[in-house]
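Here are my notes on the ligand site. Please read them with the model open.

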Amino acid sequence: MDKIRLSKKLAYILRHNPLKYNLVLDRYGFAILKRVAEALGVGEEEIRELVKNQEKKRFEIKGNKIRALYGHSAHIEIIYKPSSPPSNLYHGTSRKMVKSIEKEGLKPMQRKYVHLSKNIEDAISVGKRKDPNPVVFVIDAEKAHKDGILFYEAGPVFLVDYLPPQYIKEILYRS
Ligand code: HQG
């Protein structure tokens, strides 16, 4: 199967809808790799190759199990261990969202968590999915963490349940 298609299918199953393929996730989000391969009609090796070579670390294989590291739907419960964030984190999004985010903070919307990037470049790519000229929110992660907000590191991103607006340090617009 074409790599992009396989990656999208894996993301769909492991982040959003395992039941559609009669699969279940354990509480850490893992499914049995063999079952996932069978469900998609591909070889286990093909999935292992994709995960080994992924540019953005979306999936993780441990032994005979595979999981999506982030991006899960709101109805999927996953246990992460909290970790300390760097002083700043970034969130790229569409210009249209700015007012609402300034007022309400960052909400997880359809997903389980708010996703924060580790650098501005990543945040710009995330934002570009929504807007050719995205904005980047600079987040005072250090202060939020000190104030008791839990951060979870998941592959290339940090996750939080919700980020109140007082932790927005700055909004960067591209000129
Ligand atoms: C916005 C992809 C209005 C938020 C990406 C975002 C990422 C608000 C949208 C990962 C809001 C949700 C996640 C508020 C948040 N008012 N809008 N109060 N609070 N929003 O797609 O972070 O390539 O669910 O700004 O690259 O864009 O699939 O989240 O625009 O890493 O691996 O609500 O998914 O990864 O959008 O993306 P999303 P996201 P993959």
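This is a predicted model: local features need pLDDT of at least 70, side-chain atom pairs count only at pLDDT 80 or more; totals for chains, interfaces and linings use all residues.

1. A polar contact here is a pair of N or O atoms within 3.5 Å; within protein, one must be able to donate a hydrogen and the other to accept it, and residues adjacent in sequence count only if both atoms are side-chain atoms. In the side chain of Lys56, an N or O atom is 2.5 Å from an oxygen atom of the ligand. Tyr70 places a polar side-chain atom 2.6 Å from a ligand oxygen atom. For the side chain of Arg129, the N or O atom is 2.9 Å from an oxygen atom of the ligand. The protein buries 88% of the 800 Å² that the ligand exposes when taken alone (Shrake-Rupley method, 1.4 Å probe).

2. Residues are numbered from 1 along each chain as its sequence is written, and side-chain values use heavy atoms, with hydrogens and water left out.

3. The ligand is surrounded by 19 residues (a heavy atom within 4 Å). Lys56, Arg58, Tyr70, Ser100 and Lys130 are the closest. The shell has eight charged, six nonpolar and five polar residues (Asp, Glu, Lys and Arg count as charged; Ala, Val, Leu, Ile, Met, Phe, Trp, Tyr, Cys and Pro as nonpolar; the others, Gly among them, as polar).

4. Where does the ligand lie relative to the domains? Domain 1 (3–68) and domain 2 (88–174) both contribute shell residues, so the ligand lies between them. The bounds come from an automatic or database domain assignment. The C-alpha centres of the two domains are 26 Å apart.
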